[in-house]
Amino acid sequence: MTPKEKAKELYNKMKFLTECNSQPSTVNGMCKKLALVCVDEILQQAQMIETEYNGYDNPYQYFLQVKQEINKL
């Protein structure tokens with residue numbers, strides 16, 4: 001899965017959870033914030049892993065790209 005696809009997957013999971021509980025005008029911002037919280041948690045742990053991941057040198061590099069893609073949504 002590309003970082004862009006992963007970013008959309010995380011965003012869509014958050015969107016599903018927030019659509020019922022948020023004003024329509026705030027759903028996008030809320031989804032991005034929640035997805036970024038998830039990625040930041042992953043990044044904290046991924047720094048310790050040095051194996052290749054989805055074509056990247058390590059998971060940290062992959063999830064940095066995912067974070068950038070979430071910010072573009």
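This is a predicted model: local features need pLDDT of at least 70, side-chain atom pairs count only at pLDDT 80 or more; totals for chains, interfaces and linings use all residues.
Let us start with burial: a residue is called buried when its relative accessible area is under 20%, exposed when it is over 50%, and partly exposed in between, using a 1.4 Å probe and protein chains only. By that scale Tyr53 is partly exposed, with a relative accessible area of 32%.

Residues are numbered from 1 along each chain as its sequence is written, and side-chain values use heavy atoms, with hydrogens and water left out.

Now to the overall picture. The protein chain has three helices and zero strands, where helices (H or I, at least four residues) and strands (E, at least two) are DSSP runs numbered from the N terminus. Read from the N terminus on, the elements run α-α-α. Taken along the principal axes, the C-alpha atoms fill a box of roughly 40 × 20 × 15 Å. The protein chain has 73 residues, of which 30% count as buried. If you take the contacts (heavy atoms within 4.5 Å) with a separation of 6 or more, residues 24 or more positions apart account for 51% of them.

H2 has 20 residues and reaches 28 Å from its first C-alpha to its last, close to the 28 Å expected at 1.5 Å a residue; the expected span is 1.5 Å times one less than the number of residues. Its buried residues are Val27, Cys31, Lys32, Ala35, Leu36, Val39, Leu43 and Ala46. Seen down the axis of H2, these buried residues fall within an arc of 155°, so they line one face of the helix. The arc is that of the directions from the helix axis to the C-beta atoms. What do the buried residues of H2 pack against? Their partners are helix H1 (3-18) and H3. Turned away from the buried side, the other face of H2 carries the exposed residues Lys33 and Val37.

Cys31 is buried, with a relative accessible area of 0%. Cys38 is in no disulfide, and the nearest cysteine sulfur, that of Cys31, is 11 Å away. The cut-off for a disulfide is a pair of cysteine sulfur atoms within 2.5 Å, and a search of the whole structure finds zero of them. Cys38 counts as partly exposed, at 27% relative accessibility.

Leaving aside neighbours within four places in sequence, Glu52 is in contact with Asp57 and Asn58. Asn58 lies in the loop between helix H2 (27-46) and helix H3 (59-72). Is Asn58 buried or exposed? At 18% relative accessibility, Asn58 counts as buried. Its side chain reaches the backbone nitrogen of Gln61 at 2.9 Å. Beyond neighbours within four places in sequence, Asn58 is in contact with Ile49, Glu50, Thr51, Glu52 and Tyr53.

The loop between H2 and H3 also holds Asn54, which has a positive phi of about 50° although it is not a glycine. As background, most residues other than glycine have a negative phi. Asn54 is partly exposed, with a relative accessible area of 43%.

Finally, back to Tyr53 and the aromatic rings. Rings of Phe, Tyr and Trp (its six-membered ring) pair if their centres lie within 6.5 Å; planes under 30 degrees apart count as stacked, over 60 as edge-to-face and the rest as tilted. By this rule the count comes to four aromatic pairs. The rings of Tyr53 and Tyr62 have their centres 5.1 Å apart and their planes at 65°, so this pair is edge-to-face. Tyr53 also forms a tilted pair with Phe63, at 5.9 Å centre to centre and 35° between the planes. That pair links distant parts of the chain, with Tyr53 in the loop between H2 and H3 and Phe63 in helix H3, 10 residues apart. Tyr62 is buried, with a relative accessible area of 1%, and Phe63 is buried at 6%. Ring pairs link Tyr53, Tyr56, Tyr62 and Phe63 into a cluster.

Terms used:
A polar contact is a pair of N or O atoms within 3.5 Å; within protein, one must be able to donate a hydrogen and the other to accept it, and residues adjacent in sequence count only if both atoms are side-chain atoms.
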